[in-house]
Amino acid sequence: MADALKRRIGLPLLTAYGVGVMVGAGIYVLVGAVAADAGIWAPLAFLFAGLVAAPTALSYAEFSTRLPEAGGEAVYVSEGLGLQWLGVLVGLAIVVTGTISAAAVLRGGAGYLTSVVPLPMAATIVVMGLSLIAVAIIGVLESLTLAAIFTAVELIGLALVVWAGLAADPSPDLTVVAPPVWAGIGAGAVLAFFAFIGFEDIVNMAEEVTTPEKTLPRAILYSLMITSVIYALVSYAAVRVVPLAELTSSKQPLVLVWQQAQGGSVAFLSVIAVAAALNGVLAQIVMAARVLFGLGRRNAGLAAFHHSSARFGTPTLATVLIGTAVVIGALTLPVATLAEGASTLLLTIFVIVNIALIRLKTSVPEAPFRVPMAVPVFGLLAALAALAINFGALAFLTEAPGGPL
């Protein structure tokens, strides 16, 4: 066993990792919810949401160059606020949220797979989970390469939805373009913020990235920009072809787009949902294992997790523990309900991280990558706003049958 991870990840794979995590975070169900607030201006709301998420993403980017460690938020809070106990608590909270999120997505992905292929649900969950654990153990390069393939499948599916929406006759709602209602667009943008959750996972790959001081900030910003464009295009295709009354009441808005534009079977969207689920589960297992690895460096009680495989260069014990918990959670826990609390916890961590950066910038202004003080301040306000509407937004999300579609 060793106590160091192997640096094998470059900018393209890390960016693909970030895009994959975010694209699977809500686009499949949030389009209708955002359209309910912003109407036909939903694409603008998604672009604004990218701007709302950007300050916190930039805060993470600066922290990632100041403290390029696998512990991520735990390290940032410990160093920024000088509270080791709070850093450990935040780190464990990240592990818990990642595990719960992965369990919820694993159950949803298995549900979509069994709807296409008649397989036993429990066995499907176990086989999918164990396969992803094996990949995560074999190597980070292999894990992120597989994640990139899943991301490509997701993007192909979304591209088909966009093509269908742009090729079809427009909805009657577009015959008279109403002027934008900025209050509705703003409300939609805050709700769409949830579709961008996932950029924070990138920083936990810091010890496996080549030249992290340059790669991490770029990957965070590139993935955020790419995802913003994807969301805007998908939401435009949706509001273009589906009447708003139908779109805003649907829990499967992208299915509506395809049926309205092309008709016929939408089974391929279930296949895309399985790829999205596998991507999300793998990403969360990899991320949470790195957080445990980082916590083990700084906390004697968790030191057993600060070891990596001499052969594979991955945190084997942490990966097995997290992966096993994900599978058990998917089989036994009310993961949809728990996911609501996990989102609340994650937004609370965003608040704490922005406060930590504000304090650290005051005492130690120099950093390899710096943002103005206004950035973490705006990030703090944006996270508080998203936290304020969290319960209503997540109630909509978890009502979607089976997961991300």
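Analyst: Angles under 35 degrees count as roughly parallel, over 145 as roughly antiparallel, 65 to 115 as roughly perpendicular, and the rest as oblique. Please keep in mind that this is a predicted model.

User: Okay, so at what angle do α3 and α15 pack?

Analyst: Helix α3, residues 42-66, packs against helix α15, residues 374-388, at an angle of about 125°, and their axes are 8 Å apart. The two helices α3 and α15 are therefore oblique to each other.

User: Is that crossing left-handed or right-handed, and which residues make the contact?

Analyst: The crossing of α3 and α15 is left-handed. On the α3 side the contact is made by Val52, Pro55, Thr56, Leu58 and Ser59, while α15 brings in Val375, Pro376, Phe378, Gly379 and Ala382. Sorted by type, the residues of this contact between α3 and α15 comprise seven nonpolar, three polar and no charged.

User: Let's move to α12. How does α6 pack against α12?

Analyst: Helix α6 covers residues 121-138 and helix α12 covers residues 267-298; they pack at an angle of about 50°, with axes 10 Å apart. That angle makes α6 oblique to α12. The crossing of α6 and α12 is right-handed.

User: And which residues touch there?

Analyst: From α6, the contact involves Met128, Leu132, Ile133, Val135 and Ala136, and from α12 it involves Leu278, Val281, Leu282, Ile285 and Val286. The residues in this contact of α6 with α12 are ten nonpolar, with no polar and no charged ones.

User: What about α1 and α12, at what angle do they pack?

Analyst: Helix α1, residues 11-23, packs against α12 at an angle of about 120°, with their axes 9 Å apart. The helices α1 and α12 are therefore oblique to each other, and their crossing is left-handed. The contact is made by Tyr17, Gly20 and Val21 of α1 together with Asn279, Ala283, Gln284 and Met287 of α12. By type, the residues of the contact of α1 with α12 divide into four nonpolar, three polar and no charged.

User: Changing topic: how many cavities of 30 Å³ or more does the structure hold?

Analyst: The structure holds one cavity of 30 Å³ or more, and the largest cavity has a volume of about 40 Å³.

User: Which residues line the largest cavity?

Analyst: The lining of the largest cavity is formed by Ala74, Val75, Ser78, Gln84, Gly87, Val88, Leu295 and Arg298. At least two residues of that lining come from each of α4 (73-81), α5 (84-116) and α12, the helix that also packs against α6 and α1. As for their types, the lining residues of the largest cavity are four nonpolar, three polar and one charged.

User: One last thing, about the backbone: where does Thr211 lie, and what is its phi?

Analyst: Thr211 lies in the loop between α8 (182-192) and α9 (212-241). Although Thr211 is not a glycine, its phi is positive, at about 40°.

Definitions and conventions
Residues are numbered from 1 along each chain as its sequence is written. This is a predicted model: local features need pLDDT of at least 70, side-chain atom pairs count only at pLDDT 80 or more; totals for chains, interfaces and linings use all residues. Side-chain values use heavy atoms; hydrogens and water are left out. Axes are lines fitted to C-alpha atoms, for helices over the stretch in contact, and angles run from 0 to 180 degrees between N-to-C directions. Helices (H or I, at least four residues) and strands (E, at least two) are DSSP runs, numbered from the N terminus. A crossing is left-handed if the near helix is turned anticlockwise from the far one by less than a right angle, and right-handed if clockwise. Contact means heavy atoms within 4.5 Å. Ala, Val, Leu, Ile, Met, Phe, Trp, Tyr, Cys and Pro count as nonpolar, Asp, Glu, Lys and Arg as charged, and the others, Gly among them, as polar. On a 1 Å grid over the protein atoms alone, a cavity is a set of points where a 1.4 Å probe fits but cannot get out, and a pocket is an open set with protein on both sides within 12 Å along at least five of seven lines; lining residues have an atom within 4 Å of a point. Grid points are joined across faces, edges and corners, and a volume is the space filled by probe spheres set on the points.
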